[in-house]
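Morning, everyone. I'll take you through a few local features.

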Amino acid sequence: MDTDKFIVKLADTPIGVTVLHHTTRKFCRDYLTDEAPLFSVEVTPDDIVFEHQKADSKYHYTDAYLETLALYRKISAGLLNYDTLLFHGSAVAVDNQAYLFTAKSGTGKSTHTRLWRELFGERAVMVNDDKPLLRVTEQEVTVFGTPWDGKHHLSTNTAVPLKAVCVLEQSQTNHIEPMTVREAWPVLMQQSNRPADPMKLKQVMCLIDRLSANIKLYRLGCNMEPSAAVIAYEGMQ
């Protein structure tokens, strides 16, 4: 089978990519670069078989789609060496400060960040609606857009300082309160990409420790009415 080779730049890191499907280059088109890669990954037929085995059997996924998942799995493992974490959540920026909402699938992350975009208009930028990358240093956390941006395909090739992480919960009334690191840590771990390799998993845990030490953490109960965005924003200032 022919392969396709190109370089993507994710979280300010050029990465060499070798894939089996030419559609993957198109998928990554907004992140292509000519810079020299800092590391390289290759997707093999066995990687796609692995993704088929992990996928929900109720749905039929094409090999081309599963290749994008296999690619991100390998990229995210490599980026751990560059203090960068793949995180499941919806990140929106207002006035160049990002807010990251995380929760179980179906809770309403995308709906909530849509309320922010409606509330703030041009002041709001959708960084990534599903799987952003977080560069976690000792001094700060930066959230990056990626092509893996959910069913609504909402993302921007940008980097924004992260102000807060907010755990979203459905509620009849809107309310927000701070979370302790102890309360938030299990959720942060669950929502991070967790490699099978024990050494890589240890890297993830170290980055989550650093993330929770540097960033304010909140819990938001919301009913998805427009006032939820107001309460969330004001509560995190």
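Let me start with a cut-off. Buried means under 20% relative accessible area, exposed means over 50%, and partly exposed lies in between. Keep in mind that this is a predicted model.

First stop, backbone angles. Most residues other than glycine have a negative phi. Two residues here go the other way.

Take Met224. Its phi is positive, about 70°, and Met224 is not a glycine. Where does Met224 sit? In the loop between strand E12 and helix H7, residues 227-235. Its relative accessible area is 22%, so Met224 counts as partly exposed.

Now Asp12. Here phi is near 60°, again a positive value in a residue other than glycine. Asp12 belongs to the loop between strand E1, residues 4-10, and strand E2, residues 13-19. Buried or exposed? Asp12 has 52% relative accessibility, so it counts as exposed.

Next, helix H5, residues 181-190. Which residues of H5 are buried? Ala184, Leu188 and Met189. Look down the axis of H5: these buried residues fall within an arc of 135°, so they line one face of the helix. And what covers them? The cover includes strand E10, at 159-170, helix H6, at 198-214, and strand E12, at 216-222.

Last topic, the aromatic rings. A pair of rings is described by the distance of the centres and the angle of the planes. The count comes to 10 aromatic pairs. I'll show you two of them.

Pair one is Tyr61 with Tyr65. The ring centres are 5.4 Å apart and the planes are at 25°. Planes under 30 degrees apart count as stacked, so the Tyr61 and Tyr65 pair is stacked. Tyr61 is partly exposed, at 26% relative accessibility. Tyr65 is partly exposed too, at 40%.

Pair two is Trp116 with Tyr233. This one is edge-to-face, with 5.8 Å centre to centre and 80° between the planes. It links distant parts of the chain. Trp116 is in helix H4, residues 109-120, and Tyr233 is in helix H7, 117 residues apart. Both Trp116 and Tyr233 are buried.

Which residues do ring pairs link into a cluster? Tyr99, Phe101, Trp116, Phe120 and Tyr233.

Definitions and conventions. Residues are numbered from 1 along each chain as its sequence is written. This is a predicted model: local features need pLDDT of at least 70, side-chain atom pairs count only at pLDDT 80 or more; totals for chains, interfaces and linings use all residues. Side-chain values use heavy atoms; hydrogens and water are left out. Buried means under 20% relative accessible area, exposed over 50%, partly exposed in between (1.4 Å probe, protein chains only). Helices (H or I, at least four residues) and strands (E, at least two) are DSSP runs, numbered from the N terminus. The arc is that of the directions from the helix axis to the C-beta atoms. Contact means heavy atoms within 4.5 Å. Rings of Phe, Tyr and Trp (its six-membered ring) pair if their centres lie within 6.5 Å; planes under 30 degrees apart count as stacked, over 60 as edge-to-face and the rest as tilted.
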